[in-house]
Amino acid sequence: MELDILLKLKIMWTYFYLPLFIWTCACYTLDAFPLEERANNYLPSKRTVDLTKENENVLHRRKRGWMWNQFFLLEEYTGSDTQYVGKLHTDQDKGDGNLKYILTGDGAGNLFVIDENTGDIHAAKKLDREEKSLYILRAKAIDRKTGRQVEPESEFIIKIHDINDNEPKFAKEVYTASVPEMSGVGTSVIQVTATDADDANYGNSAKVVYSILQGQPYFSVDPDSGIIKTALPDMSREKRAQYQVVIQAKDMGGQMGGLSGTTTVNITLTDVNNNPPRFPQSSYQFNSLESVPLGTQLGRIKADDPDVGENAEVEYSIAEGDGTDMFEVITDKDTQEGIITVKQNLDFEKKMLYTLRVDASNTHPDPRFLHLGSFKDTAVVRISVEDIDEPPVFSKMSYLIDVDEDVKEGSIIGQVTAYDPDAMNNLIKYTVDRHTDMDRIFNIHSENGSIFTLKALDRESYPWHNITITATEINNSKQSSHIPVFIRILDINDHAPEFAMYYETFVCENAKPGQLIQTISVMDRDDPPRGHKFFFEPVPDFPHNPNFTIVDNKDNTAGIMTRKDGYSRSKMSTYLLPILIYDNDYPIQSSTGTLTIRVCACDSHGNLQSCHAEALVLAAGLSTGALVAILLCVLILLILVVLFAALKRQRKKEPLILSKDDVRDNVVTYNDEGGGEEDTQAFDIGTLRNPEAREDSKLRRDVMPEAIFQIRRTGPLWENIDVQDFIHRRLKENDSDPSAPPYDSLATYAYEGDDSIADSLSSLESLTADCNQDYDYLSDWGPRFKKLADMYGGDDSDRD
């Protein structure tokens, strides 16, 4: 039976599969051989191993028990039935249905199904090689009754054959590239690449060929590499800068029926400096006033360059012309324009028209295109100068005038000149700007510009005068110019030298002859050109001074020397030494300075001790210790007086009335001696002259007043009132007052009436009198003078 099965398999192989196998080998010999070799590696080995329990350690060589007849499968099967893959069979299968075939591995059960009775394998689904091109499966045969494997498990491979079901695809949908303009034919621009997902080892499904669909005749593409190249020479960016090229990639080697894909390539031509600058016009015309300041822009010119970037940068320069030194051209880097500016001052009267030749050239020329010609252009620029009414022009930028300080008033010290630069040549007048000459020291002749003085000059006060002169056109006062004039006052020896400072000079009493006691120096307000030189001499009236000698040191200083042995303050405390000082300039100026020399006490080393007059008192016999003791005593006495006054103020005041029986005189002393008739502050006579004095201003007479009454001034004085009557009325009121205390109170009105019968009551005067005074008249004065009458008006024994 096995022979019949083998014979049938051989016949089936020969008539059905052999032609297919030969065709496959003829087309894909190189591609199929490695896979077939790999597949054979998975075939069941002829050398099998019997792993039965009886002979598990013994190896037996057996013939192959597995058989199958197909291991290739086409992808994307579109038939109505399942695609037949192959058949598994073992020689242990007797056809009685006792064996069961089981398939495991990649896709077993869902992609590949097996008939467990017959071993036929079918593909349950449509397969895609691009998803998986190789499946590894394992097969085994099991005895249904015992569950034992009748053959060892074996692996086999199912390979999916490719079909052309994928079109080529580019890496990008749109490519961007650039190439310099004016490039030669065949210049590479960019390479595009398309990939095909089909099997490149099986047929021509993955063989891609490139072609250009859009972009001819400017560009071409290599069919094999996909490199895009230029196809036309000298393509100009200025004419066309952007190109859109469509590239197609087709598989099957470009044959009919192949699949294709496309992409777009945007190509830009980059700029090269292949164009020179060109002026749009051959000449330019500009106008300028002659008064414009330096650097003024007169106009702009521009040369056009179709290039871009640095290739379009232009540099302007003046090549030649009659105004190369008057004008210059500056390049504006932002606008690539040439700016014509004024380099020097213009003058209509000198030149009215200038002609310039201006060149415009590229700053970055390309050597590859120099054969095309010069990369520059030239234009003619004409500049017309316009006349204006100009102010006067001085012959100098400034003037310096030297003048002696002793020049007489009205003297001419210098001259300024100005002229009208216009063709009209108007007359000019000159004036001094008084803001620069507030003191009106100078003036100028309005016609000829001569400067003269109005006042005397003094170099020591103002060594320089800076004034401003104005020149104005007579016909047009708005046209004026100003010029500074610096006047330097030259020195004249008109000041005498004098002491440089005040000297505190002294001589010691114990000085010896020939000692230097003072060095003097002098100063001079003048400033001679050869410098100062001073001389010192005694005054002619006292050529020989017996006390001091003047020694000229020949260096503008002099020394005062002693001339005798010892000086006495008691005889002469101060010496006056006149010194004659004169200079050497012309005319010679001299002065006499007096030096005060004091005689002072010095120690043995010549150090000053004292120069004051009190020192003489001390020297006469009063020592320093005695003087200190006297001052200390005076200080102690002052302290005692201050303490006594303080204690007296703190003492309590005793009452004036201790009892009704205690009768004592209350004398209030003000210690105020009037200042005579001119003293208007001692009292107010108006009170005495006013008969209507206020009664309510009375003070109590039984209490001692603690402060002096403040006299209140009344209104206008009454000159016609009899003061004596007023006093008598007041006395009468006081005598009849029942509330008055029993003691006397002295009321002084400071008025001495005519024919007063009362003499002085002072006891001091009574002591010096030659005879006794009679006080009996006191009894006639009333009850308020009764006590005095009892004390002084009684008998002599009582008075004693």
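**Strands, rings and a surface patch**

Strands here are DSSP runs of E, at least two residues long, and helices are runs of H or I, at least four residues long, both numbered from the N terminus. Before going on, a word on the source: this is a predicted model, where local features need pLDDT of at least 70, side-chain atom pairs count only at pLDDT 80 or more, and totals for chains, interfaces and linings use all residues. Residues are numbered from 1 along each chain as its sequence is written, and side-chain values use heavy atoms, without hydrogens and water.

Back to the strands. β3 and β7 (residues 120-123) pair in the antiparallel sense, over four bridges. To pair, two strands need at least two bridges found by DSSP. Strands of a sheet pair through backbone hydrogen bonds, either parallel or antiparallel.

What is the order of the three strands in the open sheet? It is β3-β7-β6, with antiparallel pairing. β3 (83-87) and β6 (112-114) stand at the edges. Each has a single partner strand, so one side of each is left without a neighbour in the sheet. From one strand to the next, the twist averages 25°. Angles like this run from 0 to 180 degrees between N-to-C directions, with axes as lines fitted to C-alpha atoms, for helices over the stretch in contact.

Next, the rings. The whole structure holds 12 aromatic pairs. Rings of Phe, Tyr and Trp (its six-membered ring) pair if their centres lie within 6.5 Å; planes under 30 degrees apart are stacked, over 60 edge-to-face, the rest tilted. Take Y218 and Y243: their ring centres are 5.0 Å apart and their planes are at 50°, so the pair is tilted. Y218 lies in the loop between β14 (209-214) and β15 (219-221), and Y243 in strand β17 (residues 242-250), so the pair ties together parts 25 residues apart in sequence.

Is Y243 buried or exposed? Y243 counts as buried, at 8% relative accessibility. Y218 is partly exposed, at 27%. The cut-offs: buried is under 20% relative accessible area, exposed is over 50%, and partly exposed is in between (1.4 Å probe, protein chains only). Ring pairs also bring in F219, linking Y218, F219 and Y243 into a cluster.

Last, a helix. I636 sits in helix α4 (residues 624-650). I636 is partly exposed, with a relative accessible area of 45%.
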